[in-house]
Structure formats: structure tokens, C-alpha cells
Amino acid sequence: VFVLSGCSEMGNVTMLRANVLRLAESAPFFEEDVEFSTPGVSQDAHSLHYSLMHSGSIRPEVVRHLVQRFSARGQVILDPFCSCGATGVESNLQGRICFSSDVSPLAVKIAASKAGVADITEVTLRLQQINVRRPICLSSFDETFSPFFDIDTFRELTNLRRFLSENSDRVSRFIELLAMSLLHGQSAGYFSAYSFPQFSLSPARQKELNLRRNQVPDYRAVVPRILRKAALVLRDGIPSCLRQLEFKNRFEISDARDLSYIPSASVDLILSAPPQPARHVGGNYWLRSWFAGFPETSSEGRSSLGSTLETWRESMNEVLLEFARVTRHGGRAALELPETELKGERVVLDAEVASMVEENLGRYWEPECVLLDRVRTTALKNQLRERDEAKLMKRSRVL
């Protein structure tokens, strides 16, 4: 967690001089073990979060802890790497406004659709208006889609996709979100033959999987599966705060180094999980991009901020400078930065960012603390370290 310690508007020389002359001791940097999740609860978050999730995105329970601890109702929270929109939904559930952006148009669309939820009656009535059995062009079916879908399932999906692209209101966007979450997976509840639920395999790899499992895509009715998914996603209800904040939220396609859509000093808390160095977070989502009407170039999740640790640090320097511009004086940035492995060596990313801030950005930011997932006992921690060091690397680390 960082505290904005310099001027709220870069270039404001008078305020900067006042901050330099201010005689105040900084609180010591500290580490703290916290329980982000409720012990014994498998899904400790509102059911809306599970409408669609990407691997590598920030966990809803982590968002809830940070939102409650570092912000107040009515304040503005920013997630500039919004991924699947967990920050936006949880911020609204806690009575906060959220600005969400990402370089991926698919990520922004998912985040906006989650925040603009429809109820089960609206979903049912809208689906009744769609003729999913109309004839379609099958020119791309054999080569691209036949490894995943039965031909009648593909026809229903294509007709649904066409209708949703022509009717882009709140209800249609929510149905589109539900359909994207069901495009591929490992059970009969999905539209595809057995496949990976987290990301889209290529047609060639799906063919190999079909041969290995001796499977052929069978017919999966689209509408009943969407209704079942809607019931699961809406089982915790739709709190009134979501409707109240729906038109105050903002969703933009934007690089985190250029948040020109946000006025200076207008954000109270930045809460996000930046992509790790040399990685595309979340894998390939080409099927979801196809269904949402985006070109294939938008299917690779979020772009990396750098292919090496050095270039990643340079990018994060630019990101934090832009964060300083949009954050109010005294505001915070809470960044989930896990330990990772680069060229066979373990790298603690939060330590890298903290040292970079102290070296280059001290006039704007002050490192405050690192929050860690609590490991129950010292004995358990030692057992984990002896048995599997990688499990400790997967603990959430929030700077």
C-alpha cells in the first residue's frame, strides 16, 4: 500500500515546496498478515463475482478487505488493470464509485457488464424474444468451431450473438456476459465439448483433446444453460447500491500510463493487480472475443508491462507517475504484486516496486506496508515451506 505524499497535481511547485518544508516523520514501513477470506468458507464473495472470472485477476475477498480498510462510502476507487471487473463490483457493493479501465476491450466490456447486472425476469423475457433456430452461414464452422460445438449449438450461439450485437442495452450485455462464461468448460453445463474453462484452446489443440478423450461435441441447448447460470449468479440478489451507482461508474479502454479520461486529484484509492513481467495475464480468450464481436488481436488477455524485470520497472515507474496525478493528496494505491520466477530466480515484485518508489518517486509516493495472506501457525508455515515452496509464492501480497 502506498500513500500519496507529494503534490496532488504534478507541476504545482508551490504545494511541492510546502511539502518539502513540512517537518513530519514518516510512519515505519511494516508487514502484516491478514485474513482476506473467512475461514471455512469456500466462496466468500457475492455470487455476481462468479459470473465470469479470469485466472490471474485479483480475488474478490482481497478487494473487499482493501476497500473497507482504505476507503469510505461514496469515495472513488480506480482499477486501471480491471481484468474481469472484481474491483468494480465489490466497490459498488461496498457503496463506492469505481472507475475501471484496461488496454483490453474485452476486459472493459466484462467489467461494465458485471456492474450493470439484470435480474432473472429481465433475462428470461429477453431470451424469449430471440429466435435461436434461424438458418445461418456455416462457412467458418468446420475449420474453426466444429471441434468445440455441435452444429445446432453453434447455430443457436450465432443467432444469439447476432441479436445481442444489435441490442446493446444493459440486459443484453448481461446475457452476453453469461454466454461468454459458458462457451467452454469441463461439464455438461457448458456449450462446448470437454475443454479448459479458464481460457480458449486453439481449434487444433481442441481437436487433439477430442481425439485423446474419444469425444465428439454433442448438442447443448443454449437458452436453458444461460437461465441456469443466471439463477446461480443472482442467487445472492441485486443490492440497491448497484443500481444507485451504475451511472456514476466509468469504464474506458485505456493504458494505465495514460489515464487522460480521469481528472487530476479525483481518485481516493487505486486498487489493482498489475500484470507480471514477461507474462500475458489470463491466457487466450479468442472464443470470448469472437462472441463479443472483437477482433482476434484483443484475445490475449492483458498485455505485459515488460518482457524483463528492468523494462517492467520502467513501465511501473510511468504507471505510478500517472497514478500520482489522478490521486488526491493523502490517497492510497494498493497493488497486488505476487512473488514470481524470472530466469529461474524468485523475484518479490512488491519489494522491487517499493525500492523503485524510494529511489525515484519519493516526492509523490511513500511505501506504507505489505499485507500478506495469513498462514495459520508457524508450524504450518514451516510445513508448507518444506513441502512446496511454490505454495507460499501464491499467497496474495498487497503493497
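Select α5 and α10 to begin: these two helices are roughly antiparallel to each other, a term used for angles over 145 degrees, whereas angles under 35 degrees count as roughly parallel, 65 to 115 as roughly perpendicular and the rest as oblique. Their axes come within 10 Å and cross at roughly 170 degrees. Axes here are lines fitted to C-alpha atoms, for helices over the stretch in contact, with angles running from 0 to 180 degrees between N-to-C directions. Helices (H or I, at least four residues) and strands (E, at least two) are DSSP runs numbered from the N terminus.

The model is predicted, so local features need pLDDT of at least 70 and side-chain atom pairs count only at pLDDT 80 or more, while totals for chains, interfaces and linings use all residues. Residues are numbered from 1 along each chain as its sequence is written, and side-chain values use heavy atoms, with hydrogens and water left out.

On α5, the contact (heavy atoms within 4.5 Å) involves Ile120, Val123, Thr124 and Leu127; on α10, Val223, Ile226, Leu227, Ala230 and Ala231 take part. By class, this contact of α5 with α10 comprises 8 nonpolar residues, 1 polar and no charged. Ala, Val, Leu, Ile, Met, Phe, Trp, Tyr, Cys and Pro count as nonpolar, Asp, Glu, Lys and Arg as charged, and the others, Gly among them, as polar.

Phe174, Ile175, Leu178, Ala179 and Ser181 of α8 meet Ile226, Lys229, Ala230 and Val233 of α10. The contact of α8 with α10 has 7 nonpolar, 1 polar and 1 charged residues.

Centre next on Phe174. Apart from neighbours within four places in sequence, Phe174 is in contact with Ser113, Gly116, Val117, Ala118, Val123, Val233 and Leu234.

Which residues have the most contacts inside the largest nonpolar core? They are Phe149, Leu160, Phe174, Phe191, Ile226 and Phe291, in a core of 45 residues. A nonpolar core is a set of buried Ala, Val, Leu, Ile, Met, Phe, Trp, Tyr and Cys residues joined through side-chain atoms within 4.5 Å; buried means under 20% relative accessible area, exposed over 50% and partly exposed in between (1.4 Å probe, protein chains only). Helices that each supply at least two residues of this core include α3 (86–93), α7 (151–166) and α12 (286–292). The most is given by α8, with 7 residues. A second, separate core has 38 residues, among them Leu4, Leu259, Ala354 and Val370.

Finally, select the aromatic cluster formed by Phe141, Phe145, Phe148, Phe149, Phe154, Trp286, Trp290 and Phe291. Rings of Phe, Tyr and Trp (its six-membered ring) pair if their centres lie within 6.5 Å; planes under 30 degrees apart count as stacked, over 60 as edge-to-face and the rest as tilted. The whole structure holds 9 aromatic pairs. In one of them, Phe141 and Phe154 have ring centres 5.2 Å apart and planes at 40 degrees, so the pair is tilted. Phe141 and Phe154 are both buried. The rings of Phe154 and Trp290 are stacked, with centres 6.1 Å apart and planes at 15 degrees. This pair links helix α7 to helix α12, with Phe154 and Trp290 136 residues apart.
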